[in-house]
Amino acid sequence: MAVVRSWTVTGAEPCPASRHDIAVGPAIPAPAPPPIDEQDRPDEQDRPCLAELHESIATLLASRGQWRQAYQHLRSALHLRAEEREPIRVPEQLRHEVDRLRREHAEAREQSQRDSLTASYNRRYLDQRLGDLTGDPGGLALALVDLDWFKHVNDTHGHLLGDRVLQRVVEVLCDGLPAGAFCARYGGEEFVLVLPDVAPAAAVAICEAARARVEQHPWDALVPGLRVTVSIGVTQQGRGPVGDRHADTAATHPVHAMLNRADELLYAAKQSGRNAVAYRSAGTLALAGAAGHRRF
C-alpha cells in the first residue's frame, strides 16, 4: 500500500501541523502526454465524421447553387476518404452540375478554336496545330485556298450573301477531307487545308477534287446565275524546289516556309486563269486536272 499525505495549504507552503497520513491502493502512474506532432492530428475515428461534415456542407452549398464552394468541400472530403480508402458520397445534384460544367468547358474550348462566321477552325488553332504537326515523320501537306472574284460577289449581291457563300464553301471543302485533315480560315476569303500523313500525289488529288466540288455545287440555288470557283496552291513539308528561297531550312521556320510556298503556288493558279490547283512536281510548276493544259 502507498501512503498519500494530504496538506492544508495556507499560502504557498504546506503546514506540517495539519498533515494527515491516508492509506490508499497502489499508485497509478499518470499517462504520458502524446508527442507534440500528434496532438494536432484528428483522431482516426474522427476522420469519417469530418468527411461526412464536408459532404454535408457540399450538399447544402450545391442546393444553393454555390458550386465553387461546394466543390472545395467535396475535395476536402475526398482527401479524408482517400486516407481511409472509403468511397466518397457525391451529392447527385453536384455530380450533375460538375458534368454540366465539364461539357460547357469543352464547348467553350471548341468555340474558342472556331471561326465565328464559317465554323471552320480559326487562325489561332491553325498556328497551334501546324506547330504540333511540323516534323511529323508521316509528312504534312498544306493547301492555300482562295475564292475567285469574291469581291465581285459581295459588290453584286451584298455581304450577307457573301457570308453564306463563305459558309457553303467551307462545307463543300470539308466534305471530302480524309481523317485527320481539317480546314481553317486564314483570313478574309482565304482558307487553309491541312493534310497530315498524306503523300504529295494524294494531296494534289484531294485538292483537285475539292476544287471540282466547289465548281459543280448548285450555287444558283442561292442566287440565279451565281457561280463560285476557287484557286488552290498545295505544297508538301520539306519539298521546296532546289534553289527555292522558301525551302525549309534552319533559318526559316518550316510552317512559314510551307505557307509562303503555298501562297506562291496559289498566285500561280490565279495567273493561269483561276479555278485551278497549282503544285510542284520535281521542282517544276504544274496544274492539276482539267487546267493541266494551260500555260503560265
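**Aromatic cluster and neighbouring strands**

Y121 is buried, at a relative accessible area of 16%. The model is a predicted one.

**Aromatic contacts**

- Three aromatic pairs are found in a search of the whole structure.
- Y121 and Y125 are a stacked pair, because their ring centres lie 4.0 Å apart with the planes at 20°, and planes under 30 degrees apart count as stacked.
- Y125 also counts as buried, with 12% relative accessibility.
- Y125 forms an edge-to-face pair with F182, at 5.4 Å centre to centre and 70° between the planes.
- This second pair connects distant parts of the chain, since Y125 belongs to helix 5 (residues 123-133) and F182 to strand 6 (residues 182-187), 57 residues apart.
- F182 is buried, at 5% relative accessibility.
- Together, Y121, Y125 and F182 make up one aromatic cluster.

**Charges over rings**

- R114 lies over the face of Y121, 3.8 Å from the ring centre.
- The charged end of R274 is placed over the ring of W149, at 4.0 Å from its centre.

- Helix 9 comprises 18 residues and spans 26 Å from its first C-alpha to its last, close to the 26 Å expected at 1.5 Å a residue.
- Buried residues of helix 9 include V255, M258, L259, L265 and L266, and the charged residues R261 and K270 are also among them.
- Just after helix 9, G273 adopts a positive phi of about 125°.
- R274, in the loop between helix 9 (254-271) and strand 9, has a positive phi of about 70° although it is not a glycine.
- R274 is partly exposed, with a relative accessible area of 24%.
- N275 lies in the loop between helix 9 and strand 9 and has a positive phi of about 50°, although it is not a glycine.
- N275 counts as buried, at 11% relative accessibility, because buried means under 20% relative accessible area.

**Strands 8, 9 and 10**

- Strand 8 (residues 230-236) pairs with strand 9 (residues 277-281) in the parallel sense over two bridges, and I232 stands opposite V277 in strand 9.
- Strand 9 pairs with strand 10 (residues 284-287) in the antiparallel sense over four bridges, with T284 in strand 10 as the bridge partner of S281.
- Strands 9 and 10 form a hairpin with two residues between them, and A282 in the turn has a positive phi of about 55°.

How values were computed:
Residues are numbered from 1 along each chain as its sequence is written. This is a predicted model: local features need pLDDT of at least 70, side-chain atom pairs count only at pLDDT 80 or more; totals for chains, interfaces and linings use all residues. Side-chain values use heavy atoms; hydrogens and water are left out. Two strands pair if DSSP finds at least two bridges between them. Buried means under 20% relative accessible area, exposed over 50%, partly exposed in between (1.4 Å probe, protein chains only). The expected span of a helix is 1.5 Å times one less than its number of residues. Rings of Phe, Tyr and Trp (its six-membered ring) pair if their centres lie within 6.5 Å; planes under 30 degrees apart count as stacked, over 60 as edge-to-face and the rest as tilted. A charge sits over a ring if NZ of Lys or CZ of Arg is within 6 Å of the ring centre and within 35 degrees of the ring normal.
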